[in-house]
2 protein chains.
Amino acid sequence: MAISERKKKILAAVVDEYIRTAEPVGSKAIAQSGCLNCSSATIRNELAELVAMGYLEQPHTSAGRVPTPMGYRMYVNELMEKQKLSLEETEEMNRRLNQKLQELDTTISDVSRLASQLTDYPALALTARSAVTVRRFDLIYVDANTFIIVLTLSSSVAKSKLVHLPVSVDQSMVQRLSSLFNSGFTGIEENQITPLLINSTERAADDTMGLTSVIAAFVIETLTEASTPTAYVSGENRLLNQPEFRDPDKAHRLMSYLSGGGYILPPAEGLESSGEVRVLIGPENVAEELKDSSVIVASYDAGDNTRGLIGVVGPTRMDYSAVAAKLSFLAAGLSRRLSSGSAPPEGMHNKLIIKGDDPNEHR
Amino acid sequence: MAISERKKKILAAVVDEYIRTAEPVGSKAIAQSGCLNCSSATIRNELAELVAMGYLEQPHTSAGRVPTPMGYRMYVNELMEKQKLSLEETEEMNRRLNQKLQELDTTISDVSRLASQLTDYPALALTARSAVTVRRFDLIYVDANTFIIVLTLSSSVAKSKLVHLPVSVDQSMVQRLSSLFNSGFTGIEENQITPLLINSTERAADDTMGLTSVIAAFVIETLTEASTPTAYVSGENRLLNQPEFRDPDKAHRLMSYLSGGGYILPPAEGLESSGEVRVLIGPENVAEELKDSSVIVASYDAGDNTRGLIGVVGPTRMDYSAVAAKLSFLAAGLSRRLSSGSAPPEGMHNKLIIKGDDPNEHR
DNA sequence: GTTGGCACTCTCAACTTCCGAGTGCTAATA
DNA sequence: TATTAGCACTCGGAAGTTGAGAGTGCCAAC
């Protein structure tokens, strides 16, 4: 059965009102809201039909109506007015985003924190790096017992490590290893680093002290770390602001789940363009713990064909429109700053390093 | 007025029982617990006096007694039996500690998570690095537009950064800068890096492209970061396990405070030897938000004359004895692994890098 | 100094009552 | 045929009531 225009309006009104008040919505409230010119009785009839159709439900006879997941779905897909952020809001967000991105390194987890602050829901951020390889090796000889490994990754990040040795090495050995690693270990992914490769390098370098395996271990570690998606969760405690989580047990369940990490995300994969937003309502989530919560995620482009996610978790009664707008904005801002060219994500703070900043900015 | 031996026993019994059950403790319960041979009436008399002395209080007439902060303080200082960890417990903790420390980098925040898991309270870890300087500079020339900065810090950690340039530089310039920084910027603290110093270096290097300031900025950033204490909080949500935080508002208040970072710690400074434990009970805390919670912290030695803290937060009704034992053990373990010599905290995973591992281990 | 006994207090859980919001239905109306 | 006004009915939740039980303080006896 098709849903009439008026029913849509009524459904939208119910969802809006419920999002605002967290209380079941009665026919009278809708009649008074003024967007329809008809009496509460008419609306009651319509409401009854919307219940029959599965868009709404009643907690009990003679309470107001509450949207079902199906109702929210309809709302998200067709009814809600896509919220435009006000000028002040975008400025505020830009300001804070810039501020965050000026700090180094922990960018992504900071953005997750920012998302949580802006939406007042728990937020999560997921990096999803794809294949990373070593582009270049440098070994710096410090003294007979110490050298530094410097790896330049395909993602244009340099990682280094200081190694102390219980035995002494000479400079020529370090040099030999450096060139061997540069030819043998660059451009390959972590899973292509086999014991065989390590052994042959060790023999070729005439290394009897196990230096090769130290270096190889660092390479494997670094590549694994760089290509493993990690999830950052922040603001779990904001859940307690929501009336539906006044039950400490319920809140605790979800919060532990969230703290546990981001097993939330399998269903959220497959977002294409950055800034695109996906909404998962209640039972649409695969995780049991999320079956009566909603997740909103936006994807961002981190360069190198990799994309990450930022999102928030809340009760099904979420302000989908506002949250979606904010996340989308954040994701887009993040993409602009991270993806363009192959500039390193960290430290765009200096004027000199201007590669691929926001193309809309005139400088 | 001095407190009699029997009163101490009774007080200890009340605290123990209250820690166990979170319910006010009645005279009968103590009489039956069997550690005193006297009737409940006698105990009632003693209890009344303990109330008068300020060690206990009654939520209302005709409820059992509950310890006051002063009562807890007495308990912690004199009465509680210092809990010994069982063999299984220490083994389990060692196992997990080793496991954590094999992973790199995020060690401290991992240990905080571990502390939270072990105690089932929210935990925090604070690094408190002191003055850090650069010990050595290396600039690696990659191509005309790219070079890598490698800083070796006095804390025996190497930090690196890949720099892309919009202009081209020649190798000799990079070399010049490298030696200038090595002579001018090593061994000094962040606050000694003045615009004057930067300017003179710039002129000496004949650098018209601002490379000097890029490098200097990275140095400042790195030193600042390395010497700024950071706090990691984990397991905030475990608070909800405690009956005293069943009120979501109360829980929320404390959790937000914790998520905000570690302003908790000023009062906890001044712990000397590592593994030493300090207990702050209720109003002894300076932070308003902690006035009816307790904090237990243990200090660890991170080498280089720096010490950090790990601790947990919970209701005043905490199992002080068990928690203190566990934290002390964790802190000691952490110290052993971090402090000895100047071995880098990260990556003890390889047999080769054996500097200053647990001296009790025979290998 | 210790104990048993007893009257008293106060909380908490269970139960009851009652109000009002909101419904569904019916009959009247446009 | 769609809408509206009116009305009886339902049900949840707040407020009030009650009773049981745990625990106390105090007194008199040991």
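Which elements of chain B do the buried residues of α8(B) pack against? The views below come from a predicted model, and the opening legend takes up this question.

**View 1. Helix α8 of chain B and its buried side.** Helix α8(B) spans residues 195-205, and Ile198(B), Thr201(B) and Ala205(B) are buried in it. These three residues cover an arc of only 65° around the axis, so they lie on the same side of α8(B). The buried residues pack against α7 (171-184) and α9 (211-227) of chain B. On the face turned away from this buried side, α8(B) carries the exposed residues Pro195(B), Leu196(B), Arg203(B) and Ala204(B). Just after the helix comes Asp206(B), with a positive phi of about 60°.

**View 2. The open sheet of chain A.** Five strands of chain A form an open sheet in the order β7-β3-β10-β9-β8, and their pairing is antiparallel. The edge strands are β7 (231-234) and β8 of chain A, each of which pairs on one side only. From one strand to the next, the twist averages 15°. Helix α6 of chain A, residues 107-119, lies across β3 (123-126), β7, β9 and β10 of chain A. This helix runs at about 35° to β7(A).

**View 3. Strand β9 of chain A and its two partners.** Strand β9(A) covers residues 293-301, and eight of its nine residues are buried. One partner is strand β8(A), residues 277-281, which pairs with β9(A) in the antiparallel sense over five bridges. In this pairing, Val279(A) stands opposite Ile296(A). The other partner shown is strand β10(A), residues 307-315, which runs antiparallel to β9(A) and is joined to it by nine bridges. Across that pairing, Ser299(A) stands opposite Leu309(A), and Val297(A) faces Gly311(A). In a regular strand, side chains alternate between the two faces of the sheet.

**View 4. The domains of chain A.** The domain assignment divides chain A into domain 1 (5-67), domain 2 (87-129 + 229-362) and domain 3 (134-227). Taken over C-alpha atoms, the centres of domain 1 and domain 3 of chain A are separated by 66 Å.

**View 5. The largest nonpolar core, around Ile310 of chain B.** This core has 54 residues, and Ile310(B) and Tyr320(B) are those with the most contacts inside it. At least three of its residues come from each of domain 1 (5-67) and domain 2 (87-129 + 229-362) of chain B. A second, separate core has 53 residues, including Ile10(A), Leu56(A), Met74(A) and Leu114(A). Not counting residues up to four places away in sequence, the residues that Ile310(B) touches include Val111(B), Leu124(B), Ala125(B), Ile296(B), Val297(B), Ala298(B) and Tyr300(B). Leu327(B), Leu330(B), Ala331(B) and Leu334(B) are also among them. In soluble globular proteins, nonpolar side chains tend to be buried together.

View 6. Thr119(B) belongs to helix α6 of chain B, residues 107-119. Is this residue buried or exposed? Thr119(B) has a relative accessible area of 12%, and buried means under 20%, so Thr119(B) counts as buried. Leaving aside neighbours within four places in sequence, Thr119(B) is in contact with Val312(B), Val323(B) and Lys326(B).

Definitions and conventions: Residues numbered from 1 in each chain as written. Chains lettered and ligands numbered in written order. Predicted model: local features only at pLDDT ≥ 70, side-chain atom pairs only at ≥ 80, totals over all residues. Heavy atoms only, no water. Buried < 20%, exposed > 50% of the residue type's maximum accessible area, 1.4 Å probe, protein only. Helix = DSSP H or I, 4+ residues; strand = E, 2+ residues; numbered from the N terminus. Pairing = 2+ DSSP bridges. Axes fitted to C-alpha atoms, helices over the stretch in contact; angles between N-to-C directions. Contact = heavy atoms within 4.5 Å. Arc of directions from axis to C-beta. Domains from an automatic or database assignment. Core = buried A, V, L, I, M, F, W, Y, C linked by side-chain atoms within 4.5 Å.
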